[in-house]
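Dear colleague,

Please find the structure we discussed below, with its sequence. My notes on what was found in it follow directly after.

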Amino acid sequence: MQMAADGWLLLILSLPTQGATARMRIWRTLKSLGCAALRDGAYLLPASSHHQDALQELADECVREGGGAWVLSATPARNDDAQSYPALFDRSEDYAALVKTWKQAAASLSSLGPAELNRLHKKLHREYEALRAIDFFAGEASIEAEAAWSDFSSRLERLLSPDEPHETEGQVSRLNPSEYRGRLWATRKRLWVDRVASAWLIRRFIDPEARFQWLAKPSDCPRKALGFDFDGATFSHVGERVTFQTLMASFGLEEDAALLRLGAMVHSLDVGGAPAPEGSGFEAVLAGARERLPDDDALLAEIGAVLDSLYAHFQREGQRSKTTKDPK
């Protein structure tokens, strides 16, 4: 456990005995902020501008309810106190309770439908993130919980998307684009981030005459087709690369800085990692288009135009950056 903090904030409050609703609301806020109770009416938090604002807002609410409240900066008088304060924020028992909940939930996952699985995943993820947000001095318990959540989440996602490709080891072979023209390409229907971006990349940079077949399941892939983005496909995840990045590497497109930026965005949305600034907007547009357009050919046409625009934007930004660095 990290045993250091830049400073401390102390909230001292009192409320009238009447007004049970206000007392409960204030208590819930104290809990959500992760305050440590020193005694009834005295609460401690590590100092930060966010905590300062939150405690002051809570103090103002106490006053409006007819009570009294003060937000103070606190400095331990002794080194022993400075060392003991972080221990007040130990979240080990809270993490243990969450992990127990995940284990119990895992036993019934196979009996749930997709909608129920989605709701369960969102609910448990919110609870986990709420605890992480108030784990100011993360220790061994948080590391163990992170591993447990990763295992549980992966199991749940496999049930939700049984045909999602799994990462494989190996090198990406360099291919001759001229040998991949006018071909039939196949991937799973109801396109999502990696699949729709890969289809756009194929038609725009690899095979302008590409024809696509959208599969109900990977086993439906015709022998003559070049499959992509499913286990056993010709092109899929390799190492840390998602399918879009595998295609880039296979056909020598990694020198294109704008495509590299698109690849980073696809990677972050598909498997996680450093978020791309444009990612959330692209994902929202894609989600909306999927709601409106049940046909994957129409979806590819619409999202392809979005990717065209993003690619042009990244190209222009790259040119500006190069001009700024080398005005000559």
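The second largest pocket of this predicted model has a lining made up of K31, S32, G34, C35, R91, D94, A130, L131 and I134. By class, four of the lining residues are nonpolar, two are polar and three are charged. Two helices, α1 (20–33) and α5 (114–133), each contribute at least two residues to this lining. The space in the second largest pocket amounts to about 240 Å³.

Searching the whole structure gives zero disulfides. C35 accordingly takes part in none, and the nearest cysteine sulfur to its own belongs to C62, 11 Å away. Because a disulfide requires two cysteine sulfur atoms within 2.5 Å, the 11 Å between the sulfur of C62 and that of C35, its closest cysteine sulfur, is too far for a bond. C35 counts as buried because its relative accessibility is 16%, under the 20% cut-off. C62 is also classed as buried, with a relative accessibility of 0%.

A separate note concerns V285, which lies in helix α10, spanning residues 279–292. V285 has a relative accessibility of 38% and therefore counts as partly exposed. Leaving aside residues up to four places away in sequence, V285 is in contact with I303 and V306. V271 is 14 residues from V285 in sequence, and their C-alpha atoms are 19 Å apart in space.

With kind regards

Notes
Residues are numbered from 1 along each chain as its sequence is written. This is a predicted model: local features need pLDDT of at least 70, side-chain atom pairs count only at pLDDT 80 or more; totals for chains, interfaces and linings use all residues. Side-chain values use heavy atoms; hydrogens and water are left out. On a 1 Å grid over the protein atoms alone, a cavity is a set of points where a 1.4 Å probe fits but cannot get out, and a pocket is an open set with protein on both sides within 12 Å along at least five of seven lines; lining residues have an atom within 4 Å of a point. Grid points are joined across faces, edges and corners, and a volume is the space filled by probe spheres set on the points. Helices (H or I, at least four residues) and strands (E, at least two) are DSSP runs, numbered from the N terminus. Ala, Val, Leu, Ile, Met, Phe, Trp, Tyr, Cys and Pro count as nonpolar, Asp, Glu, Lys and Arg as charged, and the others, Gly among them, as polar. Buried means under 20% relative accessible area, exposed over 50%, partly exposed in between (1.4 Å probe, protein chains only). Contact means heavy atoms within 4.5 Å.
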